Amino acid sequence: MLLENCYITWMNLSGNVIGSKGARAIGGVLKENQSLQWLDLSFNNFVDKDAKSIAEGLNSSTTLRFLNLSQNSFREAGGELLGPALAENNSITELNLSWNHLRLKGAIAICKGMGKNSSIKILDLSWNGFADDGAEAMGHALKNNDTLLELDLSHNRVNERGALGLAKGLEINRSLQVLKIGFNPLENSGAYTFLKAIKGNPNSALEVLHLDNITLKANFEILLAELMKSKPALQVTHAVSIHNRKRGSEASYQDNHGDDVGGRMKHELLTALRTFLSEKRLRALDLFNCLDKDKTQSVSPDEMFIGLKKLNVPLSDLQLKRLIHILDKDGDGNRFNLVIRNCSWEPRMTMHARNATVKKVDKTLRALSSVTLSVNPNHGKLKPGSASPASGTDESDDSDGWETDLECEELKPQYDPTGRTLYQRACQKLGIVPASFFVRHMTEPTVTMSHHGLGPLGIRAMALALLYNTRVTSLNIRDNGIGEEGGEIVAKLLRENYFIVELDMSENQLGRGAVAEMAETLKENNTLTKLRLAGNNLDDKDAEVMCQSLLVNNTLTHLDLSCNTFSNKACEFFAKVLDENITLSDLDLSWNHIQVKGGLALAKGLRGNVKLKSLNLAWNGLSDDAVRAVAGALLENGTLQFLDLSNNRISDTGAFSIARCLESNSSLEVLRLSKNNLKNKGASALLNSILKNGDSRIHKIDLTGAFLKEEFHIIAEELRKLRQTEVITDETPELRHKQEEPDPGTLLRNYIAKEHVQIVDLFQKLDRDGSMQVSVKEFAEGLRKSQVGLTQYEVDRIIDVLDADKDGEIDYSEFVCIQAEWKNDEKGKRKISKQPH
């Protein structure tokens with residue numbers, strides 16, 4: 001039709017899946033038709049071979065002005081075909097290639113074409129996996145291109161090196177006006193290079209720079225302030241979209257009575273405040289306490305305005321006034337109490353459906369929170385017949401159970417940053433015994449509460465304390481039987497606590513409800529870096545829910561999902577995470593049910609990954625076909641350093657595939673293939689490949705269980721001499737570096753000091769019959785029950801020291817002697833420290 005119709009200038013074929021035949025037809029139209037100016041071909045599942053037809057059409061077209069090829073399946077080969085066409089075409093002014101898979105070679109080809117193009121003014125290349133090499137190629141293109149006005153490179157896995165290469169182009173370019181480079185792992189140093197480039201280019205035309213979702217530091221703000229003096233029209237957005245530096249931009253925030261605009265404005269302001277609090281590692285409660293100078297639990301609008309200004313909240317004066325107006329719930333402009341739960345940070349949270357168990361947990365936590373703020377500290381247990389705090393809670397209250405109402409008539413008690421007092425009261429109200437280990441260690445950065453049998457009630461009390469705790473950064477609650485209810489509580493805790501960065505919830509039978517809550521948490525929490533969910537019987541449906549959150553999470557670096565029941569279907573979701581996620585560096589999927597199809601899917605995701613450093617696939621059912629795909633992915637992946645394929649079904653055929661990969665791979669450092677069906681030929685091929693590759697970084701390869709011959713050992717010995725590579729076999733087991741063993745007396749002494757007891761008291765506790773003697777067996781059993789935390793070897797060493805006469809009995813006199821020796825040691829150390837230097 002278009003070949004004969006010379007009047008149609010605008011055509012939208014989006015979402016029609018027209019396929020290869022349609023692509024060939026479109027290419028023919030672009031060659032012959034001299035009227036078509038606007039063409040949308042998005043969502044048509046075009047592949048690389050279709051790019052050839054379109055590229056041929058672009059070479060001949062002289063009228064087309066707009067072309068949309070987004071949301072297709074062009075890969076590197078497609079990019080290599082379209083790139084030269086861009087160099088030849090001089091009619092297109094706007095091109096959209098977002099949401100494809102151009103990757104490295106495709107990105108370089110497109111950038112080379114842009115270096116020669118003289119017509120395109122708007123170019124969208126977001127979501128294409130350009131990485132650093134692609135960004136550097138674009139920087140080179142910007143040096144030669146003088147027509148491009150707007151460029152979008154967001155969501156492209158660009159790191160600091162790529163930012164530096166792109167900045168070199170900005171130092172020379174004099175046409176680009178808008179650059180979108182947000183949602184990339186640039187870090188502060190990468191963003192800083194852009195400002196330096198703009199400042200160093202007096203002819204720069206840049207007016208808008210998007211650095212969304214990039215953590216920035218003070219030196220960036222200082223340079224930006226200096227740059228604004230010379231370029232007042234420059235707009236720089238980062239952290240949140242409302243951070244606008246352009247003069248007069250405050251006018252856009254004046255009151256608007258439209259519901260949509262007002263609601264959006266409220267959400268943006270509250271989001272800006274929450275982002276500020278998370279960056280400063282503060283909670284809303286900490287902010288209010290800082291503003292409440294007179295401790296009256298109320299703050300005037302003027303006090304709040306001055307306080308927020310002093311804290312350098314990244315909002316303009318007009319925006320701060322608007323925020324204060326939102327927080328003033330009665331709207332009278334007088335002194336007001338700050339109610340945290342009225343400031344709903346995320347609208348979706350109030351819409352999220354909770355089951356009956358979670359509602360009951362929310363109700364209990366609200367009751368305990370109100371008791372903590374209002375009950376007299378001198379009060380003991382509730383009097384018989386008195387109403388329980390939980391029973392007085394309003395059933396119609398639909399607020400989030402983790403949020404705390406600060407409207408309190410009485411003076412608040414002294415703030416406890418550890419939450420210890422709150423924990424003890426919570427245990428009293430819940431009718432459980434406080435965990436003494438948690439009470440003692442909740443002031444330390446790391447709290448290890450594994451195998452303590454907490455259960456849902458125990459974790460409920462702990463979570464309430466951790467809601468206020470600012471000391472704990474690493475929490476291990478492995479194997480505590482917290483179940484689905486407890487898992488939901490911990491997940492909700494992490495939406496309010498931004499201090500915990502490491503969490504281990506392994507072996508707790510979490511259930512689907514807890515996984516759903518944790519998935520919601522991963523969408524919001526921006527401080528958690530390590531998460532372990534091993535041994536929870538998670539299945540493919542749980543994997544789908546988790547992976548949806550991992551696609552948007554940008555802080556998690558270590559994820560342990562071992563010892564679950566994930567199968568091949570789950571790997572399809574994990575593959576998408578590997579392909580898109582730019583922060584995950586350590587993934588453990590060992591001890592699952594992954595077989596051939598799952599391995600193929602993971603290999604596909606690994607091929608495009610630019611961040612993962614460690615991948616554990618041990619104890620699955622991977623065969624030679626799956627390993628061949630993984631080896632092929634390693635030919636393109638340049639970041640993976642640790643790969644564990646132990647205890648799978650790999651034979652020499654799979655080993656040969658890996659060997660071909662090792663001949664060119666320059667990133668892998670540790671390779672584990674133990675307990676597979678490897679024989680001498682396959683094992684020898686692996687070592688020969690490492691020897692041939694001068695750039696190989698492998699320093700450890702585990703081939704335990706392989707059937708080896710003399711030929712292999714000769715190659716292994718040569719590899720050890722030339723490369724210092726550790727080759728692990730049955731004959732040469734892995735080297736275990738022996739740690740320096742502390743003195744057994746020191747071990748016991750440290751325990752006694754930590755428990756604040758005398759050594760004599762410990763002896764009396766062990767001497768049950770009062771005979772002033774303790775048998776070696778009783779002593780060892782007593783230490784074990786006291787949870788000293790010593791291994792059997794360490795206990796034996798302590799017994800050797802205390803039982804000086806080796807009669808099998810430890811006397812009271814031997815205990816007294818060792819305590820005297822400790823005192824003498826202390827006196828000697830003090831004397832030495834007092835000597836003048």
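**Entry 1: L494.** I then placed L494 in the loop that runs between α18 (483-493) and β12 (502-504). Leaving out neighbours within four places in sequence, I found L494 in contact with I500, L503, M518, T521, N525 and L528. I also noted the C-alpha atom of E524, which is separated from that of L494 by 9.0 Å, although the two residues are 30 residues apart along the chain.

**Entry 2: salt bridges.** How many salt bridges does a search of the whole structure find? The search returned 22, and I went through three of them in turn. As a reminder to myself, side chains of opposite charge can pair when their charged atoms come close.

I began with D132 and R161, whose side chains meet in a salt bridge at 3.8 Å, N to O. D132 belongs to helix α5 (residues 131-144) and R161 to helix α6 (residues 160-170), so this pair ties together parts that lie 29 residues apart in sequence. The two partners have their own accessibility values: D132 is buried at a relative accessible area of 11%, whereas R161, at 44%, is partly exposed.

My next pair was R628 and D625, with a salt bridge of 2.9 Å, N to O. Both sit in helix α23 (residues 624-636), and because they are three residues apart there, about one helical turn separates them. R628 is partly exposed at 38% relative accessibility, and D625 is partly exposed as well, with a relative accessible area of 41%.

The last pair I looked up was D702 with R672, where the side chains meet in a salt bridge of 3.1 Å, N to O. D702 lies in strand β19 (residues 700-702) and R672 in strand β18 (residues 670-672), so the pair ties together parts that are 30 residues apart in sequence. Both D702 and R672 are buried. I also recorded that salt bridges with shared partners join D132, D133, E136 and R161 into one network.

**Entry 3: helices α24 and α25.** At what angle do helix α24 (residues 652-662) and helix α25 (residues 680-692) pack? I noted an angle of about 5 degrees, with the axes 8 Å apart, and the two helices are therefore roughly parallel to each other. On the α24 side the contact is made by D652, A655, F656, I658, A659, R660 and L662, and on the α25 side by K681, G682, A685, L686, S689 and I690. Sorted by class, this contact has eight nonpolar, two polar and three charged residues.

**Entry 4: confidence.** Where pLDDT is low, the predicted coordinates should not be read in detail.

Conventions. Residues are numbered from 1 along each chain as its sequence is written. This is a predicted model: local features need pLDDT of at least 70, side-chain atom pairs count only at pLDDT 80 or more; totals for chains, interfaces and linings use all residues. Side-chain values use heavy atoms; hydrogens and water are left out. Axes are lines fitted to C-alpha atoms, for helices over the stretch in contact, and angles run from 0 to 180 degrees between N-to-C directions. Helices (H or I, at least four residues) and strands (E, at least two) are DSSP runs, numbered from the N terminus. Angles under 35 degrees count as roughly parallel, over 145 as roughly antiparallel, 65 to 115 as roughly perpendicular and the rest as oblique. Contact means heavy atoms within 4.5 Å. Ala, Val, Leu, Ile, Met, Phe, Trp, Tyr, Cys and Pro count as nonpolar, Asp, Glu, Lys and Arg as charged, and the others, Gly among them, as polar. A salt bridge is a side-chain nitrogen of Lys or Arg within 4 Å of a carboxyl oxygen of Asp or Glu. Buried means under 20% relative accessible area, exposed over 50%, partly exposed in between (1.4 Å probe, protein chains only).
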